[in-house]
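Have the viewer ready and follow the points in order.

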Amino acid sequence: MTDVVKVWVKTAALDEAILGKSRSPTKRGLPGEDKSRNDDATLYHNNPDAVDWGWAKCVLEEEDDASTKDDNTTRVRVTDPESAHDRSIVRLPKDAMEAGNLVVANVYAGDNDDNDTELVDEFGQRLKEGDQYPDDLITLTHLHEPAVLYCLRKRYAYDKIYTSTGPILLALNPFKSCDHLFNDIVMKKYFIRGEKSMLLGPASSSGEEKKSDGGDGDSTTQYLPPHVYGIADHSFRSMMLKLEEAGHNIHGGSRRSKSSSEPTKGMDQSILVSGESGA
């Protein structure tokens, strides 16, 4: 049996293939949006729950009948309940992938129609619900717009509002109280990790430590997910370390202490925080 190849297809490309026209790519819908007043209301008549966020989940379809095979097109079947074209079989131009209208989707544990499938990672280790969507986006096999948005959306559904992309922390507004994320106990865990990093090296404070086997081990060694506490701790310690190194170099390797009135010359002693108001 041929393995199913999951892909993402731009909604605009599906519209063009099915309707002969495409809507504005900047016109994206939201879950629960009233579409009765939308210019495309007729398109959503058969699927009022459709959400146009720019992409739709599809699978590549093999040609069963050689007489209908067209080497100039790529055949896909829409398998996205949120798409206005759900369950449609569509023929896209052969260059759809080169044009950026079709990209290969990532495969996640349990991300299929079989609800009885056990959640395990590539090493056979059991996963908790939601852990199949990685903490760091750069670990995704395929990294593109729909992959990022889909992963963030899935994580958000499990109250995982923080996601890393390399050294950058992405934060989504939960629009609710998250006391389990913001308290002294959680803050102390990231502080202890930072203290440990001063002894073992910077890797342990930058989020590169490996996930534990799920045991309740020492908080100084267990994996900690992305969090603003971790970013704050690592940024402050990095700044102080640079200042200490600069002071050491300025005095030619001398380790004599300096008075508070003697500033470190040529060193930036600030941390810039960038983001939307209220972030």
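1. Start with the sheet: five strands make an open sheet, ordered S4-S3-S2-S1-S5, with antiparallel pairing. S4 and S5 sit at the edges with a single partner strand each, so one side of each has no neighbour in the sheet. From one strand to the next, the twist averages 45°. Keep in mind that this is a predicted model.

2. Inside that sheet, have a look at S2 and S3. They run antiparallel and are joined by three bridges. If you want a residue pair to locate, Cys-58 stands opposite Val-78 in S3.

3. Next, H1, which covers residues 11-19. Which of its residues are buried? They are Thr-11, Ala-13, Leu-14 and Asp-15. The buried residues of H1 pack against S1, S2, S3 and S4. Just after the helix comes Gly-20, with a positive phi of about 80°.

4. Helix H2 (residues 145-157) lies across S1, S2 and S5 and runs at about 110° to S2. I like the length check here: at 1.5 Å a residue, its 13 residues should span 18 Å, and the end C-alpha atoms are 19 Å apart, which agrees. Its buried residues are Pro-146, Ala-147, Tyr-150, Cys-151, Leu-152 and Arg-155. Among the elements covering them are S1, S2, S5, S6 and S7.

5. S6 (residues 162-165) and S7 (residues 168-171) pair in the antiparallel sense, over four bridges. One of the pairings puts Ser-164 with its bridge partner Leu-169 in S7. The two strands form a hairpin with two residues between them, and Gly-166 in the turn has a positive phi of about 70°.

6. Now the aromatics. A pair of rings is described by how far apart the centres are and by the angle of the planes. A search of the whole structure turns up eight aromatic pairs. In one of them, Trp-8 and Trp-53 have ring centres 5.4 Å apart and planes at 75°, so the pair is edge-to-face. Trp-8 belongs to strand S1 and Trp-53 to the loop between H1 and S2, so the pair ties together parts that are 45 residues apart in sequence. Both Trp-8 and Trp-53 are buried. Ring pairs also link these two with Tyr-108, Tyr-133 and Tyr-150 into a cluster.

7. Another aromatic pair is worth a click: Tyr-162 and Phe-182, edge-to-face, at 6.3 Å centre to centre with 80° between the planes. This pair links distant parts of the chain, with Tyr-162 in strand S6 and Phe-182 in the loop between S7 and helix H3, 20 residues apart. Are the two partners buried or partly exposed? Tyr-162 counts as buried at 10% relative accessibility, whereas Phe-182 is partly exposed at 35%.

8. On to charges. Side chains of opposite charge can pair when their charged atoms come close. The whole structure has eight salt bridges. Arg-155 forms one with Asp-135, with the closest N and O atoms 2.8 Å apart. Arg-155 is in H2 and Asp-135 is in the loop between S5 and H2, 20 residues apart. Arg-155 counts as buried at 2% relative accessibility, and Asp-135 is buried too, at 9%.

9. Asp-159 follows H2 and has a positive phi, near 60°. Its side chain forms a salt bridge with Lys-176, the closest N and O atoms being 2.8 Å apart. Lys-176 is in the loop between S7 and H3, and Asp-159 is in the loop between H2 and S6, 17 residues apart. Here Lys-176 is partly exposed at 47%, and Asp-159 counts as partly exposed at 30%.

10. Glu-195 lies in H3 and Arg-237 in H4 (residues 228-250), so the pair ties together parts 42 residues apart in sequence. Glu-195 counts as partly exposed at 39% relative accessibility, while Arg-237 counts as buried at 14%. Together with Asp-233, they are linked in a network of salt bridges.

Notes
Residues are numbered from 1 along each chain as its sequence is written. Side-chain values use heavy atoms; hydrogens and water are left out. Two strands pair if DSSP finds at least two bridges between them. Rings of Phe, Tyr and Trp (its six-membered ring) pair if their centres lie within 6.5 Å; planes under 30 degrees apart count as stacked, over 60 as edge-to-face and the rest as tilted. Buried means under 20% relative accessible area, exposed over 50%, partly exposed in between (1.4 Å probe, protein chains only). Contact means heavy atoms within 4.5 Å. Axes are lines fitted to C-alpha atoms, for helices over the stretch in contact, and angles run from 0 to 180 degrees between N-to-C directions. The expected span of a helix is 1.5 Å times one less than its number of residues. A salt bridge is a side-chain nitrogen of Lys or Arg within 4 Å of a carboxyl oxygen of Asp or Glu.
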